[in-house]
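Keep the model open while reading.

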Amino acid sequence: MTSPLFSTPGNTVLVTGAGGGIGAAIVAAFLSNGANVIATDANQDALERALAKVEGGEKAVTMSMDVTSEKDIERVMDAVAQRFGRLDALVNNAGIKSAESLLSGDKAKIDRTMEINSGAVLLCSKLVVHRFMKESGGRIVNIGSSLSSQGAVFNYQAGGADYCFSKAVVHDLTKLLAYECAPFGINVNGVAPGIIDTPMHGRPREETEARHAGRIPLGRVGSPEDIAGIAVFLASPASAYITGQIVHVNGGMLMNG
Ligand SMILES: NC(=O)c1ccc[n+]([C@@H]2O[C@H](COP(=O)([O-])OP(=O)(O)OC[C@H]3O[C@@H](n4cnc5c(N)ncnc54)[C@H](O)[C@@H]3O)[C@@H](O)[C@H]2O)c1
């Protein structure tokens, strides 16, 4: 039997970017813990394809939602209110890879990276807090990035300077929101993945392994499932006294604390 301390039965959880590697794994983990999951993505086809491969994926409510569109978010929240009446957790997972130089990169691309990876985390959180969580509390889990948020642009990581900038903002935003949300009983935490084998890397796992595994103390790149468990933990009763924290899940590639 699953311990109630570490699971989320009957909770309603909204996951963004659920058509991607990490998002789909997070959906699967919440479903297997008995949660109602609203799985959203800007790319509806990718969402349907990803969840078709996930065990129990058919139990998720799938909806198209661009995280930068207030109209889309409101439409999804209306559906949540109608169907479940409440929202217990939001996982801000949607993100894009980008590799622009801050000094000489394409401004439109940099703005887009910041809008999706950082601005939308605030937008979704704000709307969800006002609509659902201010009254009954809740959990927000933001997916940041381990290597990319440390002020260093390594030539072996996925993104460039604009991506790093966007993820550093996610980590700071997590702490600032945690402070503002605490009086409402809302815990806000971040998960900072290391190198995780997903479509974001745009190459087969063996190539990602060959490129990165030698620099990872645990000797392998991560799988989306390596990230999913901590997202469930941060929405479960076991993490009730944790807020404003960034949990690095990176095989030891970078050791913080
Ligand atoms: N894979 C890694 O190594 C890694 C490392 C650190 C952090 N991350 C972060 O993890 C999160 C998930 O990444 P992933 O590796 O699963 O990537 P992925 O490309 O597999 O999935 C990202 C998903 O986000 C969706 N998306 C993009 N723009 C969107 C928008 N405007 N609105 C809604 N959905 C949108 C995409 O359609 C896609 O399905 C991202 O925030 C990413 O930055 C990934």
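Helices (H or I, at least four residues) and strands (E, at least two) are DSSP runs, numbered from the N terminus. On that basis the protein has 7 helices and 7 strands. Their order along the sequence is β-α-β-α-β-α-β-α-β-α-β-α-α-β. The radius of gyration is 17 Å, close to the 18 Å that the globule rule gives for 257 residues, so the protein is as compact as a globular protein of that length. That radius is taken over C-alpha atoms, and the globule rule is 2.2 Å times the number of residues to the power 0.38.

Two notes on the source. This is a predicted model: local features need pLDDT of at least 70, side-chain atom pairs count only at pLDDT 80 or more, and totals for chains, interfaces and linings use all residues. Residues are numbered from 1 along each chain as its sequence is written.

Along its principal axes the C-alpha trace spans about 45 × 40 × 40 Å. Of the 257 residues, 51% are buried. Buried means that 20 or more other C-beta atoms lie within 10 Å of a residue's own; exposed means 12 or fewer, and partly exposed falls in between, with C-beta atoms placed from the backbone. Contacts are counted when two C-beta atoms, placed from the backbone, lie within 7 Å. Among contacts between residues at least 6 apart in sequence, 74% join residues at least 24 apart.

Now the helix pair. Helix 3 (residues 70-83) packs against helix 4 (residues 107-136) at an angle of about 35 degrees, and their axes are 11 Å apart. Axes here are lines fitted to C-alpha atoms, for helices over the stretch in contact, and angles run from 0 to 180 degrees between N-to-C directions. Which residues in helix 3 and helix 4 meet? Helix 3 brings Glu70, Ile73 and Met77, while helix 4 brings Leu123, Cys124, Leu127, Val128 and Arg131. This contact divides into 6 nonpolar residues, no polar ones and 2 charged. Ala, Val, Leu, Ile, Met, Phe, Trp, Tyr, Cys and Pro count as nonpolar, Asp, Glu, Lys and Arg as charged, and the others, Gly among them, as polar.

Helix 4 also holds Lys134. Lys134 is partly exposed, because it has 15 other C-beta atoms within 10 Å. It touches Val129 and Phe184, not counting residues up to four places away in sequence. Its C-alpha atom is 33 Å from that of Asp45, 89 residues apart along the chain.

Next, the ligand. Its shell has 28 residues, and the closest are Gly17, Gly20, Gly95, Thr198 and Met200. The shell divides into 14 nonpolar, 12 polar and 2 charged residues. Helix 1 (residues 21-32) gives the most to it, with 3 residues.

Met200 lies in the loop between strand 6 (186-193) and helix 6 (205-212). With 15 other C-beta atoms within 10 Å, Met200 is partly exposed.

Finally, Ile26 in helix 1. Is Ile26 buried or exposed? Ile26 is buried, because 32 other C-beta atoms lie within 10 Å. Not counting residues up to four places away in sequence, Ile26 touches Val15, Val91, Asn93, Ala228 and Ala231. Ile26 and Asn93 are 67 residues apart in sequence and 9.2 Å apart in space, C-alpha to C-alpha.

Technical notes. Near = placed C-beta within 6 Å.
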